[in-house]
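Welcome to a short tour of one protein model. Please have a look at the sequence and the structure below before reading on.

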Amino acid sequence: MADDPEGPMLQRISDSFFRQGFMRHLGARLGRIAEGEVRIHLPKSAAVTQQHGYFHAGATSAIADSAGGYAALTMFGEADEVLTVEYKINLVAPAVGDELEAVGTCIKSGKTLSICRLDVYSVTSQQRKLVAAGQQTLIRVSGS
């Protein structure tokens with residue numbers, strides 16, 4: 001619907017995500033997009049695993065970082081952008097499964113800095129298990 005305020009936000013997040021070469025390189029795809037929350041899915045492939053067959057920590061961290069960044073961006077105005085200032089992630093279990101699902105949740109949207117919670121789950125047809133948890137600080141970059 002033309003007057004749906006979420007429509008432009010959804011389009012903006014989608015357009016930005018598809019400009020990210022690294023997410024495309026990993027094979028990641030957007031999931032749920034809502035105000036303050038974004039999910040990114042990463043199917044298992046040889047390109048994103050490490051020597052033991054688990055999802056690589058770098059791939060796990062990358063989708064967590066992007067999910068949090070986009071969660072913060074959903075809270076900003078149309079002319080604003082976002083950059084990660086720092087993030088900490090704890091890998092709490094081996095990342096095995098058919099895919100990973102990163103959930104970024106904006107817990108504080110500020111004028112300059114925003115804080116997001118990062119959770120990454122391994123997903124199979126039988127279960128969804130937490131494999132990484134973290135927190136992120138982002139900076140709002142005003143557009144011209």
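Which cysteine sulfur is closest to the sulfur of Cys 116, and how far away is it? It belongs to Cys 106, at 4.2 Å, which is too far for a bond. Please keep in mind that this is a predicted model.

**Cysteines**
- A disulfide needs two cysteine sulfur atoms within 2.5 Å, and by this rule the count comes to zero.
- Cys 116 is buried, because its relative accessibility is 0% and the limit for buried is under 20%.
- Cys 106 also counts as buried, at 13% relative accessibility.

**The sheet and a helix on it**
- Six strands make up an open sheet with antiparallel pairing, and their order is E1-E2-E4-E5-E6-E3.
- Strands E1 (29-34) and E3 (80-91) stand at the edges; each has a single partner strand, so one side of each is left without a neighbour in the sheet.
- On average, neighbouring strands of this sheet are turned by 20 degrees against each other, direction ignored.
- Helix H1 (residues 6-18) packs on the sheet, where it touches E1, E2 and E3, and its direction makes about 155 degrees with that of E1.
- Strand E2 (residues 37-43) runs antiparallel to strand E4 (residues 99-109), and seven bridges join the two.
- Glu 37 has Thr 105 in E4 as its bridge partner.

**The nonpolar core**
- The largest nonpolar core holds 36 residues, and Ile 40, Leu 42, Ile 63, Leu 100 and Val 120 are those with the most contacts inside it.
- Helix H3 (residues 57-73) gives the most to this core, contributing nine residues.
- Leaving aside residues up to four places away in sequence, Ile 63 touches Met 23, Ala 28, Ile 40, Leu 42, Leu 100, Ala 102 and Val 120.

**A buried glutamate**
- Glu 99 is found in strand E4.
- With a relative accessible area of 15%, Glu 99 is buried, because the limit for buried is under 20%.
- The side chain of Glu 99 makes a polar contact with the side chain of Arg 29, at 3.2 Å.
- Beyond residues up to four places away in sequence, Glu 99 touches several others, among them His 41, Leu 42, Pro 43, Phe 55 and Tyr 121.

Note on methods
Residues are numbered from 1 along each chain as its sequence is written. This is a predicted model: local features need pLDDT of at least 70, side-chain atom pairs count only at pLDDT 80 or more; totals for chains, interfaces and linings use all residues. Side-chain values use heavy atoms; hydrogens and water are left out. Two strands pair if DSSP finds at least two bridges between them. Helices (H or I, at least four residues) and strands (E, at least two) are DSSP runs, numbered from the N terminus. Axes are lines fitted to C-alpha atoms, for helices over the stretch in contact, and angles run from 0 to 180 degrees between N-to-C directions. Contact means heavy atoms within 4.5 Å. Buried means under 20% relative accessible area, exposed over 50%, partly exposed in between (1.4 Å probe, protein chains only). A nonpolar core is a set of buried Ala, Val, Leu, Ile, Met, Phe, Trp, Tyr and Cys residues joined through side-chain atoms within 4.5 Å. A polar contact is a pair of N or O atoms within 3.5 Å; within protein, one must be able to donate a hydrogen and the other to accept it, and residues adjacent in sequence count only if both atoms are side-chain atoms.
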